[in-house]
Every structure is written in structure tokens, then in C-alpha cells.
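Hello,

Here is the structure I promised to pass on. Have a look at it first, and my notes follow below.

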Amino acid sequence: LAIDNENVYGYPTGVVNNIVALDRMTGSLEWSSKAMSDTSSYCSPIFIELAERTVLVTMSHYSLIGLDKKDGKLLWSYDIKGFEAEGDHCNTPIYRDGYIYQVFGDRKSQGTVKLRLAEDGSSVTEVWHNDKIKNNFAGFIIHDDLLFATIKGNNLKALSLDDGQVVDSIKVSTGGLIFSDNKFICYGQNGEVSLVNYTQGKLQSGGSFRLPKGKGQHFSQPVLANGGMYIRHGDALMKYKVK
């Protein structure tokens with residue numbers, strides 16, 4: 001789901017009412033789009049405001065897609081190669097300076113991609129892809145003209161935005177990634193929380209610990225607020241003081 005001052009934008013799927021906009025106050029249907037007429041993913045949409053139009057960008061189960069926010073018209077789609085039937089596609093795309101970045105997790109997919117968005121938002125063109133940098137839902141961060149993402153195999157990778165090549169790497173457990181004050185915090189899928197310092201363009205280990213409480217999968221994102229770091233594991237919520 002996504003929301004603005006006028007509407008709520010949802011993805012009920014289906015052949016006809018694939019993506020819809022509902023009036024946020026009354027719930028009445030503002031527009032309905034066939035879009036790709038396929039099933040949804042777990043992606044949170046973004047809005048890209050251009051001079052010509054505002055583009056709603058999200059993931060379907062098979063493609064990264066862009067719709068005109070005004071009427072739901074499908075503007076473009078970028079298909080995922082090597083699609084897996086149970087692919088999650090949870091990562092939210094990032095828009096920066098005319099380009100869209102996304103990380104796919106499918107085994108034979110393009111991995112991490114950079115797409116040039118037309119000035120009027122009507123089309124995209126692939127600039128590069130790196131099929132070695134993949135994750136399903138750990139997210140990614142853009143900072144200092146670099147893209148940072150954890151990948152399967154337990155590494156945090158830094159990619160150049162210019163050509164998609166890896167410029168630095170450090171061992172951490174793959175998982176949810178956040179960034180603040182030149183420090184990365186990764187909550188790994190094995191329950192390990194790692195601190196990585198980012199100094200003069202280099203990644204350096206700052207230590208790690210394992211969560212002591214909770215049960216089940218380690219899939220949540222850590223959150224920084226009011227001088228603390230909050231992490232949920234199953235039915236346990238923990239707060240750590242951040243110095």
C-alpha cells in the first residue's frame with residue numbers, strides 16, 4: 001500500500017482490477033488499472049514526482065513497473081529474468097537523480113539493476129546490472145555514490161553507482177540493513193547484529209552480538225529512535241542504548 005493526500009493505492013491483483021486508487025476519506029474507487037494483470041509482491045511502492053507526471057513505482061510478481069499516479073496507466077515494465085515461483089520481491093526501489101535502483105533475489109535474475117528513467121517518466125532503459133548482488137528482502141542503501149547491500153553468502157557489498165562493480169566488501173550475516181552517522185547496522189537472519197563503520201570510503205568491522213530473546217525467524221528491520229536501537233524477534237522487543 002501507499003498513500004498521499006488524496007488516495008490510498010493498493011494492489012488487490014486480478015486480471016482487471018490489478019492495481020487501484022481509492023479515495024482516502026470515502027473509499028470510493030478513483031481509478032483501476034490492469035497493470036501487468038499478474039500477482040503482487042511484498043514491495044512498498046514509491047512516488048517519483050517529475051515535471052510531466054508523478055510515477056508510482058512498485059514490483060509485481062514478475063516485473064518492476066511504473067504507473068501514472070493520476071489515472072493508473074501502465075507506463076513501462078522491466079521484467080525479472082530467472083523468475084522463481086515463490087520470489088518475495090520485498091525490497092523498495094530507490095530513485096536518485098534520474099535513475100531507479102532495485103535489488104532482486106531470484107537465483108538467475110539480473111540481481112542489482114540501475115535503470116535510466118525518461119524525463120517524462122514514460123520509459124526506462126537499463127544502464128547496468130550486477131547478477132552477483134542479490135537479496136530478497138534485506139533492503140539496500142545508497143550513500144556517497146555507492147550502493148550497499150547484504151547478499152547471500154554473508155557479505156555486505158559496496159557497489160559503484162557508475163558501473164555496478166563491487167568496490168568494497170566485508171563479512172557480516174545477511175539481513176536487514178540500516179545506516180546512520182557513518183555506521184551500518186545489520187540484523188542478520190541468523191540472529192547476529194553487526195556494526196560496520198564506514199570511514200573514508202572503506203568498510204570496517206565494529207563488532208557484533210547475538211540477540212538473547214525471542215523465537216522464530218530473524219526477518220525484522222532494526223530501528224533507530226530517541227537514542228536507542230529497537231529490534232523485534234518474534235514476540236520479543238529489545239532496546240539497546242546507542243552511544
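To start: which residue in strand 22 is the bridge partner of Val223? It is Tyr230. Before I go on, please note that this is a predicted model, where local features need pLDDT of at least 70, side-chain atom pairs count only at pLDDT 80 or more, and totals for chains, interfaces and linings use all residues. Residues are numbered from 1 along each chain as its sequence is written, and side-chain values use heavy atoms, with hydrogens and water left out.

Strand 21 and strand 22 run antiparallel, joined by three bridges. (Strands are DSSP runs of E, at least two residues, numbered from the N terminus; two of them pair if DSSP finds at least two bridges between them.) Two residues lie between these strands in their hairpin, where Asn226 has a positive phi near 55°.

Strand 22 also pairs with strand 23, again antiparallel, over six bridges. Here Gly228 is opposite Lys241 of strand 23. This hairpin has two residues between its strands, and Gly234 takes a positive phi near 60°.

Now the largest pocket, with a volume of about 400 Å³. (On a 1 Å grid over the protein atoms alone, a pocket is an open set of points where a 1.4 Å probe fits, with protein on both sides within 12 Å along at least five of seven lines; lining residues have an atom within 4 Å of a point. Points are joined across faces, edges and corners, and the volume is the space filled by probe spheres set on them.) Of its 20 lining residues, Lys183, Ile185, Leu195, Val242 and Lys243 are the closest to the centre. Strands 21, 22 and 23 are among those that each supply at least two lining residues.

Best wishes

Definitions and conventions. Helix = DSSP H or I, 4+ residues; strand = E, 2+ residues; numbered from the N terminus.
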